[in-house]
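This report describes selected local features of one protein model.

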Amino acid sequence: MTTLDREEVRAPQGAHEAAGPRPLPLRVAAPLAVAAGLALLVAFPPYGVWPLAPVGVALLAAAAHRRRLRAGAGLGFLTGLALFAPLLEWTNLHTGALPWILLSLLQAGYLALLGAATAWVSPLVDRHRAAWPLLTGVLWVGQEALRDRTPFGGFPWGRLAFSQDTSPLLRLAALGGAPLVTCAVALAGGLLVTAAWRDWRRPAGHWRPVAGLAAALAALLAAGSAVPVGVRGGGDTVTVAIVQGNVPRLGLDFNAQRQAVLNNHVDATLRLAQQVTAGTQRRPDLVVWPENSSDIDPLRNPDAADRISQAADAIGAPILIGAVLLGPDAGQVRNAGLVWRPGTGPDLWQLYVKRHPVPFAEYVPLRKIARMVSDQVDRVRADFVPGAAPGVLNAGAVTLGDVICFEVAYDGLVRDTVTGGGQLLVVQTNNATFDEAEARQQLAMVRLRAVEHGRAALMASTVGVSGFVSPDGRVDGATGFNTAAVVVRQLQLGHGRTTATRAGVWPEVALAALAVAALAGAAVLRRRREVTPG
């Protein structure tokens with residue numbers, strides 16, 4: 001028998017826990033931890049089996065309960081590897097295995113912290129069994145709050161909330177954003193583990209608390225379904241076209257194809273203009289091109305500017321282009337969304353520069369040290385510099401709330417566009433270096449943001465998946481992957497603010513504070529046990 005098999009947390013005097021004060025045997029707990037990660041994985045797109053997210057939460061909670069801290073951390077790490085290694089597999093498609101391995105290990109480390117925290121609060125769970133679901137919920141929120149911010153601004157991919165794009169719990173985003181959805185998913189997992197952690201050989205009366213927990217779970221799902229969602233302060237309608245021009249070939253060398261990529265988007269817009277002239281398509285009030293649709297700086301290259309102006313003049317509507325702009329200093333570039341108007345060209349007053357460039361992909365922190373790990377960092381020849389202002393852009397008929405690519409995963413960056421006056425959420429992205437799984441995971445985030453802020457939203461990608469999202473989270477006009485497409489829809493603009501928009505970061509702060517309080521309470525309880533004889 002191993003040391004971990006013998007580890008024990010003493011149950012409080014008078015407790016009648018049929019499972020006893022011992023943790024699950026390690027030979028059971030380790031497979032449960034791996035199964036937890038796989039269940040969480042299958043909850044996310046492209047699989048999308050959202051009920052498995054609470055199951056994964058429950059399995060990890062059971063595996064780590066009553067263990068020593070190191071064992072809890074180890075089990076959490078197993079869960080993290082089983083989740084993040086396959087979830088983030090798209091990061092190794094064109095850069096080799098090392099970045100994927102390092103990112104997966106880093107993300108798994110946060111679930112190791114969660115596993116240790118779960119083990120740490122075990123005395124609280126044993127004393128107050130009814131608190132187990134809430135403790136599970138707030139610990140997951142606390143873990144995600146840390147992972148979303150550290151290091152280098154964090155990496156929120158794989159949040160529980162982003163697995164719920166087709167779940168009744170998605171509507172809770174309108175009340176408390178992604179943190180409240182994550183808490184609800186983990187709370188559901190806590191209800192499952194509380195119901196399952198018992199001796200099933202006991203008499204039939206033992207089923208009564210299980211029935212009560214099942215009723216609580218059903219009530220949670222019903223509460224999610226009952227949250228009203230939709231356009232807040234709905235006003236005018238606007239017709240928007242998404243142009244997905246596609247690239248000649250997928251991969252990191254899309255930069256070498258930049259003239260072809262620009263031509264693809266211009267030509268697709270010109271064909272749309274022909275359909276408008278022929279009366280077979282409605283004239284859009286706005287055309288949206290994706291991130292990297294013009295990697296030739298149109299503010300410095302007259303040929304690129306002429307081509308974009310040709311498209312804007314033909315369609316007779318502003319185009320939001322995704323451009324890579326040189327500067328402001330030598331050796332620097334900016335990832336930008338820029339409104340290009342028919343007749344007048346670029347509107348430099350309506351320019352959004354990406355505020356959260358991706359570390360080690362768009363800029364390289366600690367470059368000398370990073371080069372010692374992998375010379376792949378030298379693929380990033382010029383560092384992207386961050387913008388300072390939210391992506392609130394006046395496109396004439398509509399004020400846009402623009403974010404670029406991975407920024408959709410960050411709560412504050414999206415919220416800033418809405419509080420700044422954005423009536424329509426726009427996500428410009430380039431998935432040419434990834435795959436369809438990554439694109440669908442990103443679209444799930446757009447769905448949550450639409451519900452969270454009561455705004456119609458869209459995602460425009462170079463290669464797919466592009467599409468429109470209504471304020472209740474439904475997707476319309478989703479395109480295929482690695483194909484050219486143009487989609488036109490009429491959308492209702494939103495003006496008001498949801499509870500989540502008004503609350504901002506405070507639901508997350510409150511839930512994370514409860515997690516800290518739980519850890520502190522467990523510390524007090526552990527200390528009392530150490531000084532209590534017997």
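## Salt-bridge network

Glu144, Asp148, Arg159, Asp411, Arg449 and Glu452 are linked in a network of salt bridges, a salt bridge being a side-chain nitrogen of Lys or Arg within 4 Å of a carboxyl oxygen of Asp or Glu. The model is predicted: local features need pLDDT of at least 70 and side-chain atom pairs count only at pLDDT 80 or more, while totals for chains, interfaces and linings use all residues. Residues are numbered from 1 along each chain as its sequence is written, and side-chain values use heavy atoms, with hydrogens and water left out.

Aspartate 148 and arginine 159 both lie in the loop between H7 and H8, eleven residues apart; helices (H or I, at least four residues) and strands (E, at least two) are DSSP runs, numbered from the N terminus. Arginine 159 also forms a salt bridge with aspartate 411, with 2.9 Å between the closest N and O atoms. Aspartate 411 belongs to helix H13 (residues 411-419) and arginine 159 to the loop between H7 and H8, so this pair ties together parts that are 252 residues apart in sequence. Aspartate 148 and arginine 159 are both buried, and aspartate 411 is buried as well. Buried means under 20% relative accessible area, exposed over 50%, and partly exposed in between (1.4 Å probe, protein chains only).

## A further salt bridge

The structure holds 15 salt bridges. One of them joins aspartate 126 to arginine 66, the closest N and O atoms being 2.8 Å apart. Aspartate 126 sits in helix H6 (residues 122-127) and arginine 66 in the loop between H3 and helix H4 (69-87), so the partners are distant parts of the chain, 60 residues apart. Aspartate 126 counts as buried because its relative accessibility is 14%. Arginine 66 is also buried, at 1% relative accessibility.

## Cavities

Four cavities of 30 Å³ or more are present. On a 1 Å grid over the protein atoms alone, a cavity is a set of points where a 1.4 Å probe fits but cannot get out; lining residues have an atom within 4 Å of a point. Grid points are joined across faces, edges and corners, and a volume is the space filled by probe spheres set on the points. The largest cavity has a volume of about 80 Å³.

Val57, Leu60, Ala61, Leu114, Thr118, Val121, Val125, Trp132, Leu135, Thr136, Leu139 and Trp140 line the largest cavity. Helix H3 (52-64), helix H5 (97-120) and helix H7 (132-147) are the elements that give two or more residues to this lining. H7 supplies the largest share, five residues. By type, the lining of the largest cavity has ten nonpolar residues, two polar and no charged (Ala, Val, Leu, Ile, Met, Phe, Trp, Tyr, Cys and Pro count as nonpolar, Asp, Glu, Lys and Arg as charged, and the others, Gly among them, as polar).

## Buried residues

Arginine 198 is placed in the loop between helix H8 (173-196) and helix H9 (207-226). Arginine 198 is buried, with a relative accessible area of 13%. A polar atom of its side chain lies 2.6 Å from the backbone oxygen of alanine 195.

Glycine 72, in helix H4, is buried with a relative accessible area of 0%. The C-alpha atoms of glycine 72 and leucine 113 are separated by 8.3 Å, and the two residues are 41 residues apart along the chain. Cysteine 183 is buried at 8% relative accessible area. The count of disulfides is zero, a disulfide being a pair of cysteine sulfur atoms within 2.5 Å.

## Backbone geometry

Most residues other than glycine have a negative phi, and most peptide bonds are trans. The peptide bond from proline 45 to proline 46 is cis, with omega near 10°, and proline 46 is found in the loop between helix H2 (26-43) and H3. A cis bond also runs from threonine 150 to proline 151, with omega near -20°. Proline 151 is in the loop between H7 and H8.

Cysteine 405 is not a glycine but has a positive phi of about 55°. Cysteine 405 lies in the loop between strand S8 (399-404) and H13 and counts as buried at 6% relative accessibility. Asparagine 482, also not a glycine, has a positive phi of about 60°. Asparagine 482 occupies the loop between strand S12 (475-476) and strand S13 (485-492) and is partly exposed, with a relative accessible area of 38%.

Key
A polar contact is a pair of N or O atoms within 3.5 Å; within protein, one must be able to donate a hydrogen and the other to accept it, and residues adjacent in sequence count only if both atoms are side-chain atoms. On a 1 Å grid over the protein atoms alone, a cavity is a set of points where a 1.4 Å probe fits but cannot get out, and a pocket is an open set with protein on both sides within 12 Å along at least five of seven lines; lining residues have an atom within 4 Å of a point.
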